[in-house]
Amino acid sequence: YNEFDAIWSSSLTESLIRGKPDNQAVELTTRIEALSETVEVSKKPIIFDADNGGDLHLLKFKIRAMENIGISAICIEDKVGVKVNSLDSDQSKTKQSSISVFQKKIKEIKKSRTSEDFLIIARVESLILGKGQKDALKRAENYSKAGADAILIHSKNKNADEIIEFSKKFKKSKFYKPLVCVPSTYSKTYEKKLINNDFKIIIYANQLLRASYKVILQTAASILKNERSFEIEKKIIPIKEIIKLG
Ligand code: SPV
Ligand code: MG
């Protein structure tokens with residue numbers, strides 16, 4: 001059946017499945033190592049959400065580890081300090097990186113990768129932080145100049161207007177690079193509209209975990225209430241099907 005083209009290794013969902021918040025409590029190294037099991041069973045390209053990439057002087061080792069394991073792309077976001085998930089309504093503690101510091105990280109990744117097929121996606125948080133189109137554009141151009149292969153423009157608006165406006169402006173830039181978006185809050189927007197506005201990668205960052213978590217909670221509640229699993233059986237995948245998944 002229809003399949004997704006790639007896997008997004010989300011910092012949010014990789015943290016939540018370990019019972020931790022999306023604040024870099026789960027070390028990048030732990031997440032990278034865990035993905036070596038994913039590549040044993042999947043041929044799909046993996047885009048690794050590396051938060052802000054961590055310390056500049058340690059980045060080269062992480063890049064080597066990612067490439068060795070078979071990860072296809074790294075995505076780093078221009079935040080510094082204590083991390084708050086971008087979709088959180090309270091961004092008062094979030095600080096954006098200076099352009100030059102973030103450029104250094106992009107250059108370090110570019111220098112460290114052994115293959116140009118390992119892509120660098122630079123994520124601009126300006127719209128999340130209310131800094132406006134001008135700031136977003138300036139950053140995207142500078143990250144592109146530093147060597148980013150693609151730009152992720154993030155937004156937590158209810159519609160896609162601001163990222164489409166960004167796309168139209170960035171398209172005219174001589175530093176234009178392919179665009180990536182994450183339609184979590186603007187879920188009413190059809191992919192077609194995003195594709196028609198030049199987005200090349202569309203990431204469904206958390207929907208599958210949200211789906212499974214809901215049923216996991218229902219299942220636990222049902223077993224605890226009924227003191228048997230019979231009542232929930234029709235809502236969960238039959239044993240004879242799940243044993244065939246491996
Ligand atoms: C993630 O999935 O961890 C992301 C996307 O970075 S967001 O949660 O919107 O920050
Ligand atoms: Mg993340």
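Helix α8 gives the largest share of the lining of the second largest pocket, 5 residues; helices (H or I, at least four residues) and strands (E, at least two) are DSSP runs, numbered from the N terminus. This is a predicted model, in which local features need pLDDT of at least 70 and side-chain atom pairs count only at pLDDT 80 or more, whereas totals for chains, interfaces and linings use all residues. Residues are numbered from 1 along each chain as its sequence is written, chains are lettered from A and ligands numbered from 1 in the order in which they are written, and side-chain values use heavy atoms, with hydrogens and water left out.

The second largest pocket is lined by L12, T13, L16, I17, S184, N206, L209, R210, S212, Y213 and I216. The elements that give two or more residues to this lining are α1 and α8. On a 1 Å grid over the protein atoms alone, a pocket is an open set of points with protein on both sides within 12 Å along at least five of seven lines, a cavity is a set of points where a 1.4 Å probe fits but cannot get out, and lining residues have an atom within 4 Å of a point. The second largest pocket holds about 200 Å³ of space, a volume being the space filled by probe spheres set on the points, which are joined across faces, edges and corners. Its lining divides into 6 nonpolar, 4 polar and 1 charged residues; Ala, Val, Leu, Ile, Met, Phe, Trp, Tyr, Cys and Pro count as nonpolar, Asp, Glu, Lys and Arg as charged, and the others, Gly among them, as polar.

The largest pocket contains about 1100 Å³ of space. Its lining comprises 35 residues, of which F4, A6, I7, W8 and Y204 lie nearest its centre. Among the elements that give two or more residues to this lining are β1 (7-9), α1 (11-16), α2 (28-41) and α8 (207-226). Strand β9 supplies the largest share, 4 residues. By class, the lining of the largest pocket has 21 nonpolar, 8 polar and 6 charged residues.

The largest cavity has about 150 Å³ of space, and of the 17 residues that line it, L12, N85, R123, H154 and A205 are the closest to its centre. This lining divides into 5 nonpolar, 7 polar and 5 charged residues. The second largest cavity has about 40 Å³ of space, and its lining includes D51, E77, K79, K83 and K95. In that lining, 2 residues are nonpolar, 4 polar and 5 charged.

Where does ligand 1 sit? Ligand 1 sits in the largest cavity, a placement that requires more than half of its atoms to lie within 2 Å of the grid points. Ligand 1 is surrounded by W8, S10, S11, L12, D49, N85, S86, L87, R123, H154 and A205, each with a heavy atom within 4 Å of the ligand. This shell has 4 nonpolar, 5 polar and 2 charged residues. Polar contacts are pairs of N or O atoms within 3.5 Å; within protein, one must be able to donate a hydrogen and the other to accept it, and residues adjacent in sequence count only if both atoms are side-chain atoms. A polar side-chain atom of R123 lies 2.7 Å from an oxygen atom of ligand 1; for N85 the corresponding distance is 2.9 Å, and for S11 it is 3.0 Å. The protein covers 100% of the 290 Å² of accessible area that ligand 1 has on its own, with areas from the Shrake-Rupley method and a 1.4 Å probe; for residues, only the protein chains shown count as cover.
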